[in-house]
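User: I have a model open and would like to walk through it. Can you take my questions as they come?

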Amino acid sequence: MLISYQWTKEILGADPGVDAVVSALGRGGLEVDRVTHVGASLRPVVLASVVATRPHPNRKGLTLVRVDAGGREVEVVCGAPVIPPAPALVCYAPVGAEVLDRTGAPITLTEKAVAGITSPGMLCAEDELGLGSSHEGLLTIEGGRPGQSLLDWEPRLEDWIIELSVTPNRPDALGHLGVARDVAAVLGLPFQPPGVAPPRAVGGGARAAVEVRSKEGCPRYAGQVIEGVRVGPSPLWARVRLGRLGVRPISNLVDATNLVMLERGQPLHAFDLDTLRLPIEIRRARPGEAFVALDGQQLSLHEDDLVIADAERVLALAGVIGGADSGVTATTRRVFLESAYFEPRGIRRTARRYGFHTEASHRFEREVDISGVPLSRDRGSALLCELAGGEAAGEPIDAYVAPRAPRRLTLRLPRYQRIIGAEAPARTREILTTLGISIVEQQADALVVDVPAHRPDIAEEIDLIEEVARVAGYDQIPSRLPRIAAAPAGAKGDYRLRRRVRQLCTGIGLHEAVTYSFLSPGDLRAAGLAAAPVLRLQNPLSEEKSVMRPSLIPGLLTVAQRAQRYNVPRVRLFEVSQVFLPRQGEAPAERGAGGVERPPVDEPTRLAILLAGPRDTYLSPPEDVDFYDGKGVVEAVLAELAGSAAAALDLEGEPPPWAHPRKGARVTLDGRPVGHVAELHPDVRDALELTAGAVAAELDLQAVARSYRAPVAVKPSRFPAMRHDVALLLPLEVPAGQVLDVLRTTAGERCEKVELFDRYRGSELPPGTHSLGFALWFRSPERTLTDDEVDRWTRAAVDAAKARFGAQQR
């Protein structure tokens, strides 16, 4: 956003100095990128009246022009094709003045001979003074006197252009009025918005008929008919001001609307009233309705688009761009001036749909001041009449079809002190009033205020606190550590479970991954999930991010694939996050912005684990991970999360598409399925070109949470534990987990835990058998156990294994 210091000074009614304004803007949170001093080189340029002209004696196309530069006459060589007749005032740059050449580069004038005749300076065109782009003839001036400095005749030609970075939450700073208001608040200057006097309406004029058919899209629409305008160039000050602020001057009618937009942040649009078939309608577009934009694009409109139309055709995309044949032309004599508030989200959707980004859409997307719509209409009408010589006809229009009450908030001063760490400044009332925030009631420790419509970013009390603090100055806040009280209940709910899962997984040696919530259809196909129900984005950033993930596994698989490409075969990853599943047949579709249907979505939290590459080993040959590695990780996590709940593996469960059909199992907790652990399906490995073995698991944490018990500290026993090891010879088909459960349940209440620490197969063992080594740990909280007691409990457990499985003790 480009800001003129001269314009800001006019609105403030004071001259604080450009340095003070720049400093105030920065302290108030509006970042200043650059300050450019323009027009200073015009100081030596003076007004001179044409006295006489004669052709150059030595070169055709040149003219010798004698001018009166204020008490002295000089004869200047001039190459302009047309010289204004005497006593026209032109701009004379004497020797030593700085002008611009044809390329825009500055040059300093010296006295030199042109085709044999010395010229003491030059007469200037508009572009040579840096006041525009025209080089058609000499710049002529009205209302000055010979010898007067150009800057004395029009001080606004010297200026400082301040470039601001305006964040999207500050639409009020997209106009000079809002910027001046902020400067006044920071500097403590009295501020009164410039008065807007509507032009006096001439009787007998036509009043344009307006019908607002979309109240939600256009809550307020104002307009004014202006008759008798004469289209032509704007005055020099207006053209220069617009050009320096990045807006190309076009004509006095269009320039007037742009000046109001830059002043008040309210876009206006001028229609040629004689080309309209009344009434003017503000409505939604009909599907497929044709529209030719001002830049020549031919569009087929969407039913979500808000349009301005007459009885026959669409005149403009509301708040975005006008139509090719609805604007003013050189023959325009009657104008309908539009000022309106359009719903920001609708404007943003329309602008993105057709690839437009205009000065108007930039402001409407961020929300304009709905209360200032008629003021901007009146300001635009008055300026248009001033520049184009018209007169307002008929009564002004203000269709406020959906009135909005101001937001009423309470600023509690003790809360301000708790948040900021300092008492509210003594000038809090002054700050709020200068910002346009009305104080409705003052209580002992609070202020009840009404927030103006030009500040849509102030929605809660915390926003008021921020406003007072930023205007008073963040540098005024004392530096001291705040008093922090611990939360009495600690973390709650899903967050506690997530945090515990992350602690367990990192403790096991896994690394946390954070993958995108969006996938490509190719990622789903590679993971075997092509047939899974998914949510597809209506407006994806790219095809690679066009569907919402139904599982965490595809994201981890792409990480493993990338790691293999970089020759990192060992992968140990986990991720805790949401997946997105369409809810089928349980609830009606919701309607989003613009009435677009979207299905209800389930977002369960899941834990995904991926192990790939060689198993961690030191004394044996390297082997790839397999199902048992994944099983061990899952059991270790569930043992800590579920406590006493019984975790088991169901070999008969239906595997997910990414899982190997015979090298995996469904994970259950107290008989409830909570996930699956398996080696990758061979088709998935082939699709991803994974050369190393891989095993994955995915658990539903919401199902696990039903058995989750937060860890509780238990006073440890001060008596030692006793360990007895037993080796059992068992048939190969007997699962080790079942044997472990039998030993644990029959070893007595003093048995703390049972661990499988060895598995041996050798030729000296009977065929079809293997040896399993178990460690049984016993401890009592009251006394030291005896060897006889531990031997007795161990024998009972071994006898139970013999009876159940036919085990033999080695």
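User: Helix H5, residues 236–244: mostly covered or mostly open, and how many of its residues are buried?
Analyst: Mostly covered. Eight of the nine residues in H5 are buried. Keep in mind that this is a predicted model.

User: Which residues of H5 are the buried ones?
Analyst: Leu236, Trp237, Ala238, Arg239, Val240, Arg241, Leu242 and Arg244.

User: Now leucine 259. Where is it?
Analyst: Leucine 259 sits in helix H6, which covers residues 252–264.

User: Why does leucine 259 count as buried?
Analyst: Its relative accessibility is 2%. Buried means under 20%, so leucine 259 qualifies.

User: What does leucine 259 touch, beyond four places in sequence?
Analyst: Trp7, Trp237, Ala238, Arg241, Leu242, Leu383 and Leu387. Trp237, Ala238, Arg241 and Leu242 are also among the buried residues of H5.

User: How far is leucine 259 from glycine 175, C-alpha to C-alpha?
Analyst: 9.8 Å. Along the chain, the two are 84 residues apart.

User: Over to glutamine 6. Which helix is it in?
Analyst: Glutamine 6 lies in H1, residues 5–12.

User: Is that side chain buried or exposed?
Analyst: Glutamine 6 counts as buried as a residue, at 9% relative accessibility.

User: What lies 2.7 Å from a polar atom of the glutamine 6 side chain?
Analyst: The backbone oxygen of glutamate 158.

User: And which residues is glutamine 6 in contact with, neighbours within four places aside?
Analyst: Pro155, Glu158, Asp159 and Arg241. Arg241 is on the contact list of leucine 259 too.

User: Let's do strands. What is the order in the sheet with S1?
Analyst: The order is S1-S13-S2. This sheet is open, has three strands and pairs antiparallel. S1 (2–4) and S2 (31–38) are the edge strands, each pairing on one side only. On average, neighbouring strands here are turned by 25° against each other, ignoring direction.

User: How many bridges join S1 to S13?
Analyst: Three, with the strands running antiparallel. S13 spans residues 159–165.

User: What stands opposite serine 4?
Analyst: Isoleucine 161, in S13.

User: How many bridges join S29 to S31?
Analyst: Two bridges. S31 is residues 547–548, and it runs antiparallel to S29. Leucine 519 stands opposite valine 547 of S31.

User: Next, S3 and S4. How do they pair?
Analyst: Antiparallel, over six bridges. S3 is residues 46–55 and S4 is residues 63–68. Proline 55 has threonine 63 of S4 as its bridge partner.

User: How does S4 pair with S5?
Analyst: In the antiparallel sense, over six bridges, with S5 at residues 73–78. Aspartate 68 faces glutamate 73 in S5.

User: How many residues lie between the strands of that S4 and S5 hairpin?
Analyst: Four. In this hairpin glycine 70 takes a positive phi near 95°.

User: Arginine 572 next. Buried or exposed?
Analyst: Buried, with a relative accessible area of 7%. Arginine 572 is in strand S32, residues 571–578.

User: Which backbone oxygen lies 2.6 Å from a polar atom of its side chain?
Analyst: That of proline 614. Arginine 572 also touches other residues outside its sequence neighbourhood, including Gly509, His511, Leu610, Asp616 and Val625.

User: Zooming out. How many helices and strands in the protein?
Analyst: 20 helices and 45 strands.

User: Spread out or compact overall?
Analyst: More spread out than a compact globule, because the radius of gyration is 40 Å, well over the 28 Å that the globule rule gives for 810 residues. The C-alpha atoms fill a box of roughly 130 × 70 × 60 Å along the principal axes.

User: What share of the residues is buried?
Analyst: 47% of the 810 residues. The protein exposes about 40,100 Å², and carbon and sulfur atoms supply 50% of that.

Terms used. Residues numbered from 1 in each chain as written. Predicted model: local features only at pLDDT ≥ 70, side-chain atom pairs only at ≥ 80, totals over all residues. Heavy atoms only, no water. Pairing = 2+ DSSP bridges. Axes fitted to C-alpha atoms, helices over the stretch in contact; angles between N-to-C directions. Rg over C-alpha atoms; globule rule 2.2 N^0.38 Å. Buried < 20%, exposed > 50% of the residue type's maximum accessible area, 1.4 Å probe, protein only. Areas by Shrake-Rupley, 256 points an atom, 1.4 Å probe, with all protein chains shown as cover. Contact = heavy atoms within 4.5 Å. Polar contact = N/O pair within 3.5 Å; in protein donor to acceptor, adjacent residues only side chain to side chain.
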